[in-house]
Amino acid sequence: MRRTVFNEDHESFRQMLRAFIEAEVVPRYDQWFVDGQVPRDFYKQLAELGLFGIEVPEEYGGAGIDSFKFAAIQTEETMRAGVSFGAAGAHVALGLPYLLDLGTDEQKRRWLPDFVSGDTMYALAMTEPGTGSDLAGMSTTAKLSEDGTHYVLNGAKTFITGGVLADRVIVCARTSPSKPDDRRYGITLLNVDTSLPGYSVGRKLDKLGLRTSDTGELAFVDVQVPVEDRLGEEDKGFYYLGKNLPKERLSIAFGAYAQAAAAIRFTKQYVQDRKVFGQTVASFQNTKFELAACQAEVDAAQAVADRALEALDAGELTAAEAASAKLFCTEVAHRVIDRCLQLHGGYGFINEYPIARLYADNRVNRIYGGTSEVMKMIIAKDMGL
């Protein structure tokens with residue numbers, strides 16, 4: 001399908017990244033899958049490629065490119081190969097926007113160089129065991145000390161991508177009670193050093209999919225966070241979260257589309273090689289019809305993802321548009337990957353085959369970043385319903 005979203009610079013980056021994945025990731029990926037995470041030194045390799053600093057201003061060691069398109073290409077290429085970069089996506093997509101948008105000049109000088117180099121890996125901690133998508137209902141608290149020098153952080157978070165290996169975590173905590181007419185008021189963002197006393201990592205969660213991305217539970221017991229590590233203004237954290245969620249949801253939408261495209265690629269190769277009843281699976285009319293229908297859906301999802309990507313780079317992506325893109329692309333990926341697994345027969349259920357891993361990885365797309373039901377609520381509200 002003809003595309004206009006990427007230029008020659010983007011395609012040169014794509015070829016460089018594809019070669020890196022084939023040489024450095026594919027041969028090691030099976031072991032990472034077994035280990036349940038990528039080794040920490042791999043993040044340093046990504047940093048040396050410049051992947052962590054693309055959107056970071058040059059004065060802090062980055063490339064200063066204000067575009068999400070290079071991150072989108074990274075998503076396409078990892079999905080194409082049936083691999084992932086572990087929690088590196090969370091480091092950039094979830095951590096960086098808050099540092100860039102909310103960090104003071106002093107904070108950026110202090111934090112961004114190590115972010116770019118991979119010496120400090122980031123995670124974002126929003127979700128709590130009892131609240132899920134209801135972020136306004138969080139109970140983790142951060143109380144300002146009497147002398148005003150630090151916040152005392154108490155509470156717990158769960159489902160934190162990259163939370164096991166992270167050096168710093170942007171934690172959402174309640175600093176003031178909510179208002180009767182505004183449940184979202186009173187939340188503050190703190191950039192928490194994970195080496196602080198009272199900070200601990202609980203279980204490394206055993207997930208159905210995304211097995212090379214460490215996901216953990218975090219606990220805070222009287223963690224003293226310096227006030228100079230607060231991001232943005234006190235009590236306005238929910239507004240900041242809402243501002244960045246469309247970008248996160250576009251990232252999920254793009255990943256889902258790329259997974260569906262990869263599923264077709266893997267399945268096409270499989271059915272052309274696999275023989276049953278004396279002929280290749282690809283020669284059956286049902287196979288051709290199934291893959292043709294899948295391709296049509298992926299073409300549509302690609303168009304939706306590309307349109308949202310252009311809107312994001314132009315600063316015009318709305319919450320409803322991002323929700324629509326996430327809802328559509330994740331639902332398409334669900335249908336396409338399921339049909340592609342069916343064409344693999346019993347082998348589709350074996351983790352040795354990329355389609356099995358894609359099937360498991362894809363399922364969370366309709367849950368994290370806001371469930372499909374939440375996306376529908378956002379879209380309906382935008383419709384005036």
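Glu297 counts as buried, because its relative accessibility is 19% and the cut-off for buried is under 20%. This value comes from a predicted model. Glu297 sits in helix H8, which covers residues 285-313. Setting aside residues up to four places away in sequence, Glu297 touches Val332, Arg335, Val336 and Arg339.

Look at the numbering of those partners. An α-helix has 3.6 residues a turn, so residues three or four places apart point the same way.

## Two cysteines without a bond

How many disulfides does the whole structure hold? A search finds zero. Cys294 and Cys340 show why. The sulfur of Cys294 has its closest cysteine sulfur in Cys340, 4.4 Å away, which is too far for a bond. A disulfide needs the two sulfur atoms within 2.5 Å.

Both cysteines are hidden. Cys294 is buried, at 1% relative accessibility. Cys340 is buried too, at 0%.

## Helix H7

Helix H7 runs from residue 237 to residue 273, a total of 37 residues. At 1.5 Å a residue, H7 should span 54 Å. Its end C-alpha atoms lie 53 Å apart, which agrees.

H7 also has a kink. The bend is about 35° and lies at Asn244. Is H7 enclosed or open? Of its 37 residues, 26 are buried, so H7 is largely enclosed by the rest of the structure.

## The nonpolar cores

The largest nonpolar core has 92 residues. Which of them touch the most other members? They are Val25, Leu46, Phe52, Phe85, Tyr98 and Leu189. Helix H7 gives this core its largest share, 16 residues. A second, separate core has 18 residues, including Ala125, Tyr151, Val192 and Leu196. In soluble globular proteins, nonpolar side chains tend to be buried together.

Take Phe85 as a close-up. Leaving out residues up to four places away in sequence, Phe85 touches a list of residues that includes Leu17, Phe20, Ile21, Val25 and Leu46. Gln74 and Thr78 are also among them.

## Ala219 in strand E7

Ala219 lies in strand E7, residues 215-226. Is Ala219 buried or partly exposed? At 26% relative accessibility, Ala219 counts as partly exposed.

Which residues does Ala219 contact, apart from neighbours within four places in sequence? They are Gly155, Ala156, Gly198, Tyr199 and Ser200. Asp181 is another matter. Ala219 and Asp181 are 38 residues apart in sequence, and their C-alpha atoms are 30 Å apart in space.

Conventions: Residues are numbered from 1 along each chain as its sequence is written. This is a predicted model: local features need pLDDT of at least 70, side-chain atom pairs count only at pLDDT 80 or more; totals for chains, interfaces and linings use all residues. Side-chain values use heavy atoms; hydrogens and water are left out. Helices (H or I, at least four residues) and strands (E, at least two) are DSSP runs, numbered from the N terminus. The expected span of a helix is 1.5 Å times one less than its number of residues. The bend at a residue is the angle between axes fitted to the seven residues ending there and the seven starting there. Buried means under 20% relative accessible area, exposed over 50%, partly exposed in between (1.4 Å probe, protein chains only). A nonpolar core is a set of buried Ala, Val, Leu, Ile, Met, Phe, Trp, Tyr and Cys residues joined through side-chain atoms within 4.5 Å. Contact means heavy atoms within 4.5 Å.
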